[in-house]
Each structure stands twice: as structure tokens, then as C-alpha cells.
Amino acid sequence: MKKIIGGRSTGKTRELLHYAKENEAIVVCSNPSAMAAKARAYGIIGLEFISYSDYISEEIEEILLNGVPEDYVIDDIDALLKEFKIIGFTSTVEE
């Protein structure tokens, strides 16, 4: 799993979009239209974008029924976790 962590305006989203393109992953984000426009501005085309709510309602159901059919990248994991009412988490940094 690739973790892209950094401050504001450090290129995290651009790196995530390139990674999604390289791995043919679906981009899960708060605003798919805005993210698609950002990807086009970066010269990255051919990505699929879905909202957090579509991921939660449609993709999770599909995953539960049929397994994980596709790879996903998530822009702003904190915002997605808030959608699930998760108020804390830990993460292990692998070397």
C-alpha cells in the first residue's frame, strides 16, 4: 500500500493521481468533477473517479458481495474516515 503523506501544496494529489494511473485504480474523493478537472490539468487522462458516498454505498456493497473487483486510491483518507464516523486511528509505518 502506498502512503502519500505531507503538508498542503506539496504535490500529494498529483502523486496519487499518477499512482492511480499506473495501477489502473479508481480514485475515491470528495468531489469527482473537481478531481477529474485537476487530473486533466496535470495531463493525466483515463482515470475513473467516484465520490466518498458512492464508494460507501455502492462499492462497499459490491466488495462484500463479490470480493474486491478493482484497486482504489483515496484522496484525503481523513475525510473518508469521517464519513464512517471514525474518530481516531493508528497507522504503522513500514520501513
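My entries on these topics follow.

I'm working from a predicted model, where local features need pLDDT of at least 70, side-chain atom pairs count only at pLDDT 80 or more, and totals for chains, interfaces and linings use all residues. Residues are numbered from 1 along each chain as its sequence is written, and side-chain values use heavy atoms, with hydrogens and water left out.

Core. I looked up nonpolar cores (buried Ala, Val, Leu, Ile, Met, Phe, Trp, Tyr and Cys joined through side-chain atoms within 4.5 Å; buried is under 20% relative accessible area, exposed over 50%, partly exposed in between, 1.4 Å probe, protein chains only). The largest has 13 residues, and Leu17, Val27, Leu47 and Phe49 have the most contacts inside it. At least two of its residues come from each of helix 1 (12-23), strand 1 (26-29) and helix 2 (32-41); helices (H or I, at least four residues) and strands (E, at least two) are DSSP runs numbered from the N terminus.

Salt bridge. With a cut-off of 4 Å from a Lys or Arg side-chain nitrogen to an Asp or Glu carboxyl oxygen, I get one salt bridge. Lys2 pairs with Glu15, closest N and O atoms 3.3 Å apart. Lys2 sits in the segment before helix 1 and Glu15 in helix 1, so the pair ties together parts 13 residues apart in sequence.

Helix 2. I find Met35, Ala36 and Ala39 buried here. Down the axis of helix 2, its buried residues fall within an arc of 100° (directions from the axis to the C-beta atoms), so they line one face. Ser33, Arg40 and Ala41 are exposed on the other side.
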